[in-house]
Amino acid sequence: MGRVLTEATFEEWIEFVFARPVSDPAWYFESESDSWTGPPLRTVELITETLERSGEVLEAYDDAQVAQGLYLLGSACGDLGFALVDEAVAWPIRSKGLDAIYALFRDCFALRCSNHLSHLNEPEASPLNGVCYMWWDVFPAPMETEGECCAAYDELILSVLGRTLELPNEACQEAALHGLGHWHRRYPEDVEATIDRFIWANRKIRSQLRNYAYAARHGDIQ
């Protein structure tokens, strides 16, 4: 049986998530793998610092290792990321972690992802492009939130998406459009305005990305 971690320093956490050989399936799918069962507050603190310092602390790992580790933070491969939507953790603490998603795109994805479009499965893309593109699918960011923080939560996620769309990297732009396309159902006017500004400010983008932007503008994405 693997280790069960309930507490860790930040350095130990980074090693737990990222210092792993890349495998298929990934190490965390193995029945005897290590696991993290720390309290939600500590999980939020560690995820937040990881995202905020991603440009620095992930330099020691190659793109495939980083991608494998980031998938672990998403709901598709575990439940660590759900701490950021756990109302047992105070909203100001969770909001800091959610806002730090932008730092991940700015300081990691924008510098390390190649300018390939994942929705077209363009060849020779960086291993990081896939998790960048799928971030808003694998990361728990529900649109059906309720309660006191609902409006603030939605506003923050839309802000992160809008800022990400302004980054000068096609993979990040595509990821932001992907996320906005999902949010079109709930906030059509906000999404359409954000994408219209992007299209107007980037009239020289290649046609494939422009077409994807138009599709996302209508919520017509997978």
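Hi everyone, and thanks for coming. Before we start, please keep in mind that the model on the screen is predicted.

Let's begin with helix α11, which runs over residues 188-201. Helix α11 has 14 residues and reaches 20 Å from its first C-alpha to its last, close to the 20 Å expected at 1.5 Å a residue. Which residues of α11 are buried? They are Val191, Thr194, Ile195, Phe198 and Ile199. These residues cover an arc of only 135 degrees around the axis, so they sit on the same side of α11. On the face of α11 turned away from the buried side, you will find the exposed residues Glu189, Arg197, Trp200 and Ala201. And what do the buried residues of α11 pack against? Their partners are α9 (150-165), α10 (170-183) and α12 (207-217).

Now to the inside of the protein. The largest nonpolar core has 73 residues. Those with the most contacts inside this core are Trp13, Leu70, Phe105 and Phe109. Take Leu70: setting aside neighbours within four places in sequence, Leu70 is in contact with Phe18, Leu104, Phe109, Leu128, Val131 and Trp135.

Phe105 and Phe109 are among the buried residues of α6, together with others including Ile101, Leu104 and Cys108. Helix α6 itself has 12 residues and reaches 15 Å from its first C-alpha to its last, close to the 16 Å expected at 1.5 Å a residue.

Trp13 takes us to helix α1. Helix α1 (residues 10-18) packs with helix α2 (residues 40-52) at an angle of about 80 degrees, their axes being 10 Å apart. At that angle, α1 is roughly perpendicular to α2. On the α1 side the contact is made by Phe10, Trp13, Ile14 and Phe18, and on the α2 side by Arg42, Leu46, Ile47, Glu49 and Thr50.

Leu98 counts as buried because its relative accessible area is 0%. Leaving out neighbours within four places in sequence, Leu98 is in contact with Leu84, Trp91, Phe139, Tyr153, Leu156, Ile157 and Val160. Leu98 and Leu158 are 60 residues apart along the chain, and their C-alpha atoms are separated by 11 Å.

Next, the loop between α6 and α7, where Ser118 is found. Is Ser118 buried or exposed? With 16% relative accessibility, Ser118 counts as buried. Beyond its neighbours within four places in sequence, Ser118 is in contact with Asn129, Gly130, Tyr133 and Glu174.

Asn121 is exposed, with a relative accessible area of 66%, and Glu124 counts as exposed at 76%.

Let me finish with some backbone angles. As a rule, most residues other than glycine have a negative phi, and most peptide bonds are trans. Asn121 has a positive phi of about 55 degrees although it is not a glycine. Glu124 has a positive phi as well, near 70 degrees. Finally, the peptide bond from Asp24 to Pro25 is cis, with omega near 5 degrees. You can look for Pro25 in the loop between α1 and β2 (35-36).

Methods. Residues numbered from 1 in each chain as written. Predicted model: local features only at pLDDT ≥ 70, side-chain atom pairs only at ≥ 80, totals over all residues. Heavy atoms only, no water. Helix = DSSP H or I, 4+ residues; strand = E, 2+ residues; numbered from the N terminus. Expected span 1.5 Å × (residues − 1). Buried < 20%, exposed > 50% of the residue type's maximum accessible area, 1.4 Å probe, protein only. Arc of directions from axis to C-beta. Contact = heavy atoms within 4.5 Å. Core = buried A, V, L, I, M, F, W, Y, C linked by side-chain atoms within 4.5 Å. Axes fitted to C-alpha atoms, helices over the stretch in contact; angles between N-to-C directions. Parallel < 35°, antiparallel > 145°, perpendicular 65-115°, else oblique.
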